[in-house]
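Hi,

Here is the structure I promised to pass on. Have a look at it first, and then read my notes below.

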Amino acid sequence: MVAALELYLDTDATRRIRVLWDLLESDGVPSLRSLLAQRHRPHVSLAVAPRLDPHRVAEALAETVVAAPLRLEFQHAGQFVGRVLWLGLAPTPELLAHHAEVHDRLARAGVEVVEHYRPGRWVPHCTLSMRVPNPLMGAAVRRCLEVLPLTATVVGAAVADHARDISHPLP
């Protein structure tokens, strides 16, 4: 199981990604739409850990606006080992500085996160599918390219652990 500090997107970007999820599903690619009883919503994870205590994270970030109204530009599609498909963000100085500030505050509070989400290693992205069948990966990437570029604004944030039915909003 995994918990994340998620940034949520404006209505139009959310709608466009949900349409992409539906298109991927119609192509035989299971998307986040169908995982965990449809509890996922399009997001960008700033931090991930096996478990996150929402109250401890909120306390660590009390003086930070986690849902800063950042302008995000999805410009490419990619895949991680393990058949994970995603839309990638342009790593703007504002996004990277916000990410670094959040991680600095979490580290000072002793909140542990997985290594590949830490500054300098993080690949900013919105996961679309966590289990693309290998023969469908090329077509799935091409399907993603049909919606790019996609501009979004951050409108919310939460500590989420969908397997444990936790969604704790953050400012």
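**Notes on the model**

R143 is in helix α4 (helices are DSSP runs of H or I with at least four residues, strands are runs of E with at least two, and both are numbered from the N terminus). Before I go on, some housekeeping: this is a predicted model, so local features need pLDDT of at least 70 and side-chain atom pairs count only at pLDDT 80 or more, while totals for chains, interfaces and linings use all residues. Residues are numbered from 1 along each chain as its sequence is written, and side-chain values use heavy atoms, with hydrogens and water left out.

Back to R143. Its side chain makes a polar contact with the side chain of D27, at 2.9 Å (a polar contact is a pair of N or O atoms within 3.5 Å; within protein, one must be able to donate a hydrogen and the other to accept it, and residues adjacent in sequence count only if both atoms are side-chain atoms). Setting aside neighbours within four places in sequence, R143 is in contact with L20, L23, L24 and D27 (contact means heavy atoms within 4.5 Å).

Which residues of α4 are buried? In this helix, residues 137–145, they are M137, A140, R143 and C144 (buried is under 20% relative accessible area, exposed is over 50%, and partly exposed is in between, with a 1.4 Å probe and protein chains only). Seen down the axis of α4, those buried residues fall within an arc of 120 degrees, so they line one face of the helix (the arc is that of the directions from the helix axis to the C-beta atoms). Their cover includes α1 (11–26), β3 (71–80), β4 (84–89) and β5 (125–129).

Now the core. The largest nonpolar core has 51 residues (such a core is a set of buried Ala, Val, Leu, Ile, Met, Phe, Trp, Tyr and Cys residues joined through side-chain atoms within 4.5 Å). The residues with the most contacts inside it are L5, L72, F74, L87, L106 and L128. Leaving out neighbours within four places in sequence, L128 is in contact with I17, L20, W21, L24, S31, L32, L85, W86, L87 and C144.

L148 is in the loop between α4 and β6, and at 17% relative accessibility it counts as buried. L148 and F74 are 74 residues apart in sequence, yet 6.7 Å apart in space, C-alpha to C-alpha. Not counting residues up to four places away in sequence, L148 touches F74, Q75, H76, A77 and L87. The peptide bond from L148 to P149 is cis, with omega near -5 degrees, and P149 is also found in the loop between α4 and β6 (150–161).

Q75, one of those partners of L148, is found in strand β3. Beyond four places in sequence, Q75 is in contact with G88, A90 and L148.

Which residues have a positive phi without being glycine? R83 does, at about 70 degrees, and D165 does too, at about 60 degrees. R83 is in the loop between β3 and β4 and counts as partly exposed at 35% relative accessibility. D165 is in the loop between β6 and β7 (166–170) and is exposed, with a relative accessible area of 60%. V81 is also found in the loop between β3 and β4, and counts as exposed at 87% relative accessibility.

Two more places to check. H98 is in helix α3 (residues 93–108) and counts as buried at 7% relative accessibility. Not counting residues up to four places away in sequence, H98 touches L46, T64, V65, V66, A68 and L70. E112 lies in the loop between α3 and β5 and is exposed, with a relative accessible area of 59%. Outside four places in sequence, E112 is in contact with A49, L52 and R118.

Last, the rings. R41 lies over the face of Y8, at 3.8 Å from the ring centre (a charge sits over a ring if NZ of Lys or CZ of Arg is within 6 Å of the ring centre and within 35 degrees of the ring normal).

Cheers
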